[in-house]
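Please walk me through this chain.

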Amino acid sequence: MPNIPRHQTVERILRDFRRTPPTADCFTASFEIDAIDARTELFPDHVPKKLRDALTEVGIHELYKHQRMALDAVHAGDDVVVVTPTASGKSLCYHLPVLQTILSKPEARAFYLFPTKALAQDQVGSLQRLIDELDVPVRTFTYDGDTPADARTAVRTRGHVIVSNPDMLHAGILPNHPRWRKVLQDLEYIVLDELHTYRGIFGSHVANVIRRLLRLCEFYGSRPKFICCSATIANPEEHAERLLGRPVTVIGAEHNGAPSGPKEVLLYNPPVINEELGIRKGVLSQALRLASPFIEQDIPTICFTGSRLHTEVLSRYLKDRFCRRAGTGHKIASYRGGYLPGLRRQVERGLRDGDVTCVVSTNALELGIDIGQLDVAVLAGYPGSVASMWQQGGRAGRAQRRSVVILIARNSPLDQFVITHPDWLMGSAPEHARIDPDNLMVLVSHIKCSLYELPFRDGDDFGAEDLGEILEFLEEAGVAHHRDNTWHWSDESYPADGVSLRSADPENVVIIDTSAGDRVIAETDRLGAQTVVHEGAIYMVESQPYQVDHLDWPQCKAYVRRVDVDHFTSAMSYSKVRIIDTFEEEPWRNAGTKAHGEVHVARKTVGFKKVKLYTSENCGYGDVHLPDVELHTTSWWMSLSGEDLADAGYRGLDVVDGMLGLGRVLKGLAALHLMCDSGDLGVSLADPEDEWVAALDRGGRRVLQPTGKREAIEGDNLRLLRPTLFLYDNIPGGVGFSEKLFEIGHILIEEARGQIVGCTCEAGCPSCVGPLGEVEDCAKAVAMDLCDWLSGRIKRPRGPELAIEIMSRGPVQIAEEGSGSAHP
């Protein structure tokens, strides 16, 4: 057969999809993104010939426009942020200035900081290839938790480029800075890649780690420049300046000079299999259907899924089709967190070398790891944000060939909204990155660390708060001492040990295969272990199922054995919030009360179901008996008068759906005010007196659970006594969000009302209370009614019929109390 060009094969497959039922009827939209020609410029004169010759040897004869602009800005002494698309050659924007400086100044040093070990390893490889061509003694070392103790001295004394991560900088380097004196006094550059990942609490911690690093650099007499790279976000300049504490020069996407091939984006809604219930075919079966023709023709493909479990199941389906038949040369790989480092490196090499035809991954491959040249990206579910969608879609088309992105909707309300509103998807701007480095609890924890590292003098500053006042507080706590205008650390503790940048349980549960001589095959974080390695669970590694025989919770070990089964398991869990202590409480006009204080959040896994492969039928259930995963934190909450709501004619479920929708809006607005990531906040709805909790599960469906002595809940026995909406710090111990929310609660309600009333949708969408189906059709009207009640516009809630009638008028201003719009 003639050798058909790859792009023609891709076009033929797409034509078949569009012409052949049932796929032909399932594409809701397609968009063509035109090819972009390269915009190149010559090397600037300040780049030495030796470096230009080395670049020529690796095939780089000119620079893209954004690379040249970055190089010139760094040469001029600016701190630089490069914000260009995936696969645009951003790494050269920092490799070149660093190497250029080291060639002219051999004692110069640089820190490369990456958010993940995998990305750090990948960039070490790309830098080393360029160094090999230079044939000069530039030494690059990785310094992380896996670095052997006997190698660490060589890293400190001989390394020109030290590749690490913020966690290691925080806990391993800065507290031991005398050992790093040579590096710190000669530090010329700090490289921060994937800047957009430093958001929320993690980003707020990292900003303080950078403050500590710069303080030590000043002590040792250096002033390093920053070179940062980021995916597209809405506020790169603002975000970088808050993170670094310096003004920056932004080189944005409009200056991107890298070429890209044409890209077609297709939106696919699986066919309906139950009209009455609105159930569609599963996203994994449709991903299998759509990816298979490309794999059969050896078209390099990546499939993204929304969870580790889905990654394993989809890779199992693909391996069953392509790898377990004799005579097929296709290789299917899976990639996700929890795999051991050796396995991840093996998959990465296979992708770069072209040995892997298709990889199925979580968002672990969303970051800029070099995974070769892929032509097709199949997204099995909307990844949750516009920025993530383009990051994942950008993994296809890393060469200048034509590429295809297929977004498959799950049978969930959010996905259904996105897939049926393509203009909203394609026209939406990327999200903002928010941090608050001066959050008091975060700031104080890093002032402790910085004081341990180096004394403060009277008049020094560290962030926006009054440093002297905080140091006096630490003196009262017995950990600081003031003498001769200088503050010293006076405790025997090592403060960095008590500060987790990612605010997660540092312990992992190791997974041990007893059928292979007690060999460790994977690991999982302790917080998520109860849902994936409880006794009776089916745990998959590279699509091979293992059954969990025993979970040793105290020792953080799960013992599994290899099995051959035709099902997987899915855990059932819920969270409940209990008030421990009320710090402040006030009446909320005539609607109820608002308060903040200490709460106990219990996440409990109560059972699991067995789900048959391919058909998704439930084929069994099991109980799980494990302790609650507990979180002591702080929360803001508002409790409403159930009696007034019932008198207005509201059913229990009306109020549940309205308050869940309002909680969704408040969570997003609160994140903006707190300058944190929405994941740093948790939302829960409960009625402590009627003993129930309510939440939305991962599929967007309402879940009601009894608490205390309450028996099973049905819609008709759900009473309205004191429904309470909690907005809590999703971080152990809390970081002070709840007190701020208590202060601005009335502002949040006003803003929530404006967002709900001003939204042009009929009954809910991602821009307000949630899409249709995620909450009841009256939820938007109920949420508006609650806002008017809480803001004092009306004395009592109107009730469902009048609220729906008013909402149907569109974005109108509801008259103040006494206009006749209130419930009689």
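The accessible surface of the chain comes to about 34400 Å². Carbon and sulfur atoms account for 47% of that surface. Areas here come from the Shrake-Rupley method with a 1.4 Å probe, and for residues only the protein chains shown count as cover. This is a predicted model, in which local features need pLDDT of at least 70 and side-chain atom pairs count only at pLDDT 80 or more, while totals for chains, interfaces and linings use all residues. Residues are numbered from 1 along each chain as its sequence is written, and side-chain values use heavy atoms, with hydrogens and water left out.

Now the chain as a whole. It holds 24 helices and 34 strands. Both are DSSP runs numbered from the N terminus: helices are H or I with at least four residues, strands are E with at least two. The radius of gyration is 28 Å, close to the 28 Å that the globule rule gives for 824 residues, so the chain is as compact as a globular protein of that length. That radius is taken over C-alpha atoms, and the rule is 2.2 Å times the number of residues to the power 0.38. Along its principal axes, the C-alpha trace spans about 85 × 85 × 60 Å.

What share of the 824 residues is buried? Buried residues make up 54%. Buried means under 20% relative accessible area, exposed means over 50%, and partly exposed lies in between (1.4 Å probe, protein chains only).

Charge comes next. The chain has 89 positive and 115 negative side chains. The centres of the two sets lie 6 Å apart. Lys and Arg count as positive and Asp and Glu as negative, with His and the chain ends not counted. Each charge is placed at NZ of Lys, CZ of Arg, CG of Asp or CD of Glu.

Turn to the strands. In a regular strand the side chains alternate between the two faces of the sheet. Look at β14, residues 301-304. Thr301 and Cys303 point one way, Ile302 and Phe304 the other, and all are buried. Strands pair if DSSP finds at least two bridges between them. β14 pairs with β16 (residues 358-361) in the parallel sense over four bridges. Within that pairing, Thr301 stands opposite Cys358. β14 also runs parallel to β17 (residues 376-380), again with four bridges. There, Cys303 has Val378 as its bridge partner.

Strand β24, residues 538-541, is covered on both faces. Ile538 and Met540 lie on one side, Tyr539 and Val541 on the other, and all are buried. β24 pairs with β25 (residues 544-552) in the antiparallel sense over four bridges. Tyr539 stands opposite Tyr546 in β25. The two strands form a hairpin with two residues between them. In the turn, Glu542 has a positive phi of about 55 degrees.

Other backbone details deserve a look. Most residues other than glycine have a negative phi, and most peptide bonds are trans. Asp135 is not a glycine, yet its phi is positive, about 55 degrees. This residue lies in the loop between α5 (117-134) and β6 (140-142). Asp135 counts as exposed, at 66% relative accessibility. Asn485 also has a positive phi, near 65 degrees. Its loop runs between β20 (480-483) and β21 (486-489). The peptide bond from Pro21 to Pro22 is cis, with omega near 0 degrees. Pro22 sits in the loop between α1 (6-19) and β1 (27-33).

Gln391 is found in helix α14, residues 386-393. Is Gln391 buried or exposed? It is buried, because its relative accessible area is 9%. Beyond its neighbours within four places in sequence, Gln391 is in contact with Thr86, Glu194, His196, Ala231 and Glu366.

Glu41 belongs to strand β2, residues 40-41. At 29% relative accessibility, Glu41 is partly exposed. Its C-alpha atom is separated by 5.4 Å from that of Leu63, 22 residues apart along the chain. Not counting residues up to four places away in sequence, Glu41 touches Glu62, Leu63, Lys65 and Arg68.

Pro178 lies in the loop between α7 (166-173) and α8 (181-185). Pro178 is exposed, with a relative accessible area of 57%.

Conventions: Contact = heavy atoms within 4.5 Å.
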